[in-house]
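Colleague: Could you walk me through a few spots in this model? I'd like each answer to end on the thing I asked for.

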Amino acid sequence: MEYIQLKGTSLTASRAAFGCMRLAELSVEQAKRQIEHAMELGINFFDHADIYGGGSCEEIFAKAVDMKPSVREKMILQSKCSIRDGYYDASAAYIRKAVDDILARLHTDYLDILLLHRPDALMDPGETAEALERLHEQGKVRYFGVSNYNVMQTELLQKYMKQPLVVNQLQISLAHTPLIDEGMAVNMDIDQSVLRTGGLLPYCQWKEINVQAWSPYQKGFFGGSFIGDLEEYGELNSLIDSLASKYGVSKTGIAAAWLFRHPVNMQVILGTMNEKHRQEGCEGLDVVLERKEWYDLYRAAGNIIPYKRVL
């Protein structure tokens with residue numbers, strides 16, 4: 001396992017993270033085995049959200065690990081709030097209650113990181129920032145971040161905060177690349193050049209905001225995995241197969257390696273409850289794709305790399 005010092009924090013985190021969204025599908029004993037397997041691989045970072053299983057994922061997690069100080073100190077626990085049933089809520093009252101409920105379900109006194117899960121169009125940034133700062137003062141949350149926020153949404157919230165926003169968790173995979181596209185095709189008259197995020201990826205690098213990739217094998221918005229989808233991603237899968245053979249890893253490992261190769265040094269959230277797939281994702285850390293291979297995979301996914309050969 002490879003570890004990184006999360007910028008703006010004192011946390012040393014595994015680059016592969018355990019996504020807890022599907023824990024509600026398991027019994028406590030099954031969840032215990034999955035968590036133990038992750039820790040055997042060297043994963044020490046666990047990603048939750050209050051919306052996952054309506055809170056049951058956090059409850060199952062705490063029961064599965066028998067949360068106590070000797071266990072808690074080995075883990076970095078992150079959770080998210082602001083998604084409610086059909087709407088978003090970043091009000092101070094909701095955030096305070098959400099965090100208290102998260103801590104109770106996880107059987108812990110503090111979160112290492114709290115993320116605001118989705119941008120709330122009705123958010124009062126001063127009110128929200130004050131609530132977050134208060135949670136820090138009370139020792140309930142050590143660090144803060146956001147998820148699915150664009151540049152200006154992040155800047156607006158940060159304007160009112162003393163604590164730095166240290167994480168942005170974003171959807172990115174070989175088959176979902178808006179974060180890459182807008183920088184690849186600057187000033188081109190093609191759809192790929194549309195500035196959908198305001199230059200979010202280089203912004204995170206500039207501001208030293210840690211990027212976490214969610215749905216690393218998904219196409220579109222929960223459109224299923226591109227791995228093995230020969231109808232829509234035949235060329236990509238063919239190239240992935242070739243590189244998997246070259247590097248002696250699985251197709252999953254190559255897809256993860258493509259993300260790990262980016263210089264933003266992102267964490268990848270592995271949400272699988274399949275031990276084999278989790279291990280394959282971690283093996284992506286052992287592969288350093290050549291620059292041309294990285295670009296070839298991007299092109300094979302259906303993207304344009306603008307250039308004109310000069311003879």
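Colleague: Which side chain makes a polar contact with the side chain of Asp-112?

Modeller: This is a predicted model, so local features need pLDDT of at least 70 and side-chain atom pairs count only at pLDDT 80 or more, while totals for chains, interfaces and linings use all residues. Residues are numbered from 1 along each chain as its sequence is written, and side-chain values use heavy atoms, with hydrogens and water left out. A polar contact is a pair of N or O atoms within 3.5 Å; within protein, one must be able to donate a hydrogen and the other to accept it, and residues adjacent in sequence count only if both atoms are side-chain atoms. At 3.0 Å, the partner of the Asp-112 side chain is the side chain of Arg-72.

Colleague: And which backbone nitrogen does the side chain of Asp-112 reach?

Modeller: Asp-112 lies in strand E6; helices (H or I, at least four residues) and strands (E, at least two) are DSSP runs, numbered from the N terminus. Contact means heavy atoms within 4.5 Å, and beyond four places in sequence Asp-112 has contacts including Leu-11, Met-75 and Tyr-143. The backbone nitrogen, reached at 2.8 Å, belongs to Leu-77.

Colleague: Is Asp-112 buried or exposed?

Modeller: Buried means under 20% relative accessible area, exposed over 50%, and partly exposed in between (1.4 Å probe, protein chains only). Asp-112 has a relative accessible area of 2%, so the answer is buried.

Colleague: What about Tyr-110, what is its relative accessible area?

Modeller: Tyr-110 sits in the loop between H4 and E6. Not counting residues up to four places away in sequence, Tyr-110 touches Arg-72, Leu-103, Gly-139, Lys-140 and Arg-142. Tyr-110 counts as partly exposed because its relative accessible area is 24%.

Colleague: Moving to H5, how far does this helix reach from its first C-alpha to its last?

Modeller: Helix H5 covers residues 125-137, which is 13 residues. The expected span is 1.5 Å times one less than the number of residues. That expectation is 18 Å for H5, and the model comes close to it, reaching 18 Å.

Colleague: Which backbone nitrogen does Asp-124 reach at the start of H5?

Modeller: The atom on the Asp-124 side is a side-chain oxygen. It comes to within 3.0 Å of the backbone nitrogen of Gly-126.

Colleague: Which residues does Thr-128 contact, leaving aside neighbours within four places in sequence?

Modeller: Thr-128 lies in helix H5 and is buried, because its relative accessible area is 0%. The buried residues of H5 pack against helix H4 (92-106), strand E6 (111-116), strand E7 (141-147) and helix H6 (151-159). For Thr-128 itself, the contacts are Ala-90, Ile-95, Leu-116, Met-123 and Leu-157.

Colleague: How are H9 and H12 oriented to each other, roughly parallel or roughly antiparallel?

Modeller: Helix H9 (residues 230-247) and helix H12 (residues 291-300) pack at about 155°, with their axes 8 Å apart. Axes are lines fitted to C-alpha atoms, for helices over the stretch in contact, and angles run from 0 to 180 degrees between N-to-C directions. Angles under 35 degrees count as roughly parallel, over 145 as roughly antiparallel, 65 to 115 as roughly perpendicular and the rest as oblique. H9 and H12 are therefore roughly antiparallel.

Colleague: Last one: which residues does Cys-204 touch, not counting those up to four places away in sequence?

Modeller: Cys-204 is part of helix H8 (residues 200-207). With a relative accessible area of 1%, Cys-204 is buried. Its contacts are Asn-168, Ile-209 and Val-211.
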